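Hi everyone, thanks for making time this morning. I'd like to walk you through one structure, so let me put it up on the screen.

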Amino acid sequence: MEKLKKILNREVIFYTIFGVLTTVVNITVSYILKAFFHVETNIASTIGIIACIIFAYFTNKIWVFESYSWKPSFVIAEFCKFISARIFTGIIEVFGTPLLVKLGVNGTIFGIKGMVSKVTISVVVIILNYV
């Protein structure tokens with residue numbers, strides 16, 4: 001029980017909550033751009049990633065890690081570190097979403113279609129960002 005309390009601390013719980021919300025922002029922005037504005041999949045996905053990274057930075061800064069310094073040099077350094085940690089997973093998402101679609105027959109892989117592949121890759125990204 002003690003190990004579980006160490007794992008399920010306030011930081012992990014808030015990270016999980018805001019990670020899910022970050023994914024919702026990502027998927028929603030991507031979906032709206034694709035469905036309503038007919039933006040190409042890679043571009044819609046990239047814009048979704050940018051929106052969710054900005055959202056994640058501020059929610060993690062304020063609520064997850066409780067970093068309240070707004071000194072410009074600190075924020076710039078902190079934001080750069082945050083961005084560099086997200087570049088790898090962003091690349092996975094940009095190339096992984098269409099890859100899942102293209103690998104299958106008629107736009108599917110094991111029955112995965114466009115937006116489902118986006119959700120699948122987003123789950124992988126959440127796990128990698130936490131690790």
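**A walk along the chain**

If you read along the sequence, the pattern is α-α-α-α-α. The secondary structure amounts to five helices and zero strands. Before we go further, please keep in mind that this is a predicted model.

Let me start with the overall picture. Along the principal axes, the C-alpha atoms fill a box of roughly 50 × 40 × 25 Å. The chain has 131 residues, and 35% of them count as buried. The accessible surface is about 8,400 Å², and carbon and sulfur atoms own 76% of that. As for contacts with a separation of 6 or more, 59% are between residues 24 or more positions apart.

Now, what does a search of the whole structure find in the way of cavities of 30 Å³ or more? The answer is one. About 240 Å³ of space lies in the largest cavity. Its lining has 20 residues, and the closest to the centre are Thr 22, Cys 52, Arg 86, Val 125 and Asn 129. Which elements give two or more residues to that lining? They are α2, residues 10–37, then α3, α4, residues 72–102, and α5, residues 114–130. By class, the lining of the largest cavity comes to eight nonpolar, ten polar and two charged residues.

At 38% relative accessibility, Lys 34 counts as partly exposed. Setting aside neighbours within four places in sequence, Lys 34 is in contact with Val 39, Thr 41 and Ala 44. With one of these, Thr 41, there is a polar contact between the two side chains, at 3.2 Å. If you look from Lys 34 over to Ile 121, the two are 87 residues apart in sequence and 17 Å apart in space, C-alpha to C-alpha.

His 38 is found between α2 and α3, and His 38 has a positive phi of about 55 degrees although it is not a glycine. To put that in context, most residues other than glycine have a negative phi. Is His 38 buried or exposed? At 66% relative accessibility, His 38 counts as exposed, since the cut-off for that is over 50%.

On to α3, which spans residues 41–64. What caps the N-terminal end of α3? That is Glu 40, with a side-chain oxygen 3.0 Å from the backbone nitrogen of Asn 42. The buried residues of this helix include Ala 44, Gly 48, Cys 52, Ala 56, Asn 60, Lys 61 and Val 64.

Just after α3, Glu 66 takes a positive phi of about 50 degrees, and Glu 66 is not a glycine either. Glu 66 lies in the loop between α3 and α4 and counts as partly exposed at 42% relative accessibility. Ser 67 is found in the loop between α3 and α4 too, but at 13% relative accessibility Ser 67 counts as buried. Not counting residues up to four places away in sequence, Ser 67 touches Lys 61, Phe 74 and Glu 78.

Let me finish in helix α5, where Ser 122 is found. Is Ser 122 buried or exposed? Ser 122 is buried, with a relative accessible area of 2%. And which residues is Ser 122 in contact with, leaving aside neighbours within four places in sequence? They are Thr 23, Asn 26, Ile 27 and Glu 93.

Key. Residues numbered from 1 in each chain as written. Predicted model: local features only at pLDDT ≥ 70, side-chain atom pairs only at ≥ 80, totals over all residues. Heavy atoms only, no water. Buried < 20%, exposed > 50% of the residue type's maximum accessible area, 1.4 Å probe, protein only. Helix = DSSP H or I, 4+ residues; strand = E, 2+ residues; numbered from the N terminus. Polar contact = N/O pair within 3.5 Å; in protein donor to acceptor, adjacent residues only side chain to side chain. 1 Å grid on protein atoms, 1.4 Å probe; cavity = no way out; pocket = protein on both sides within 12 Å on 5 of 7 lines; lining within 4 Å. Points joined across faces, edges and corners; volume = space filled by probe spheres on them. Nonpolar A, V, L, I, M, F, W, Y, C, P; charged D, E, K, R; others polar. Contact = heavy atoms within 4.5 Å. Areas by Shrake-Rupley, 256 points an atom, 1.4 Å probe, with all protein chains shown as cover.
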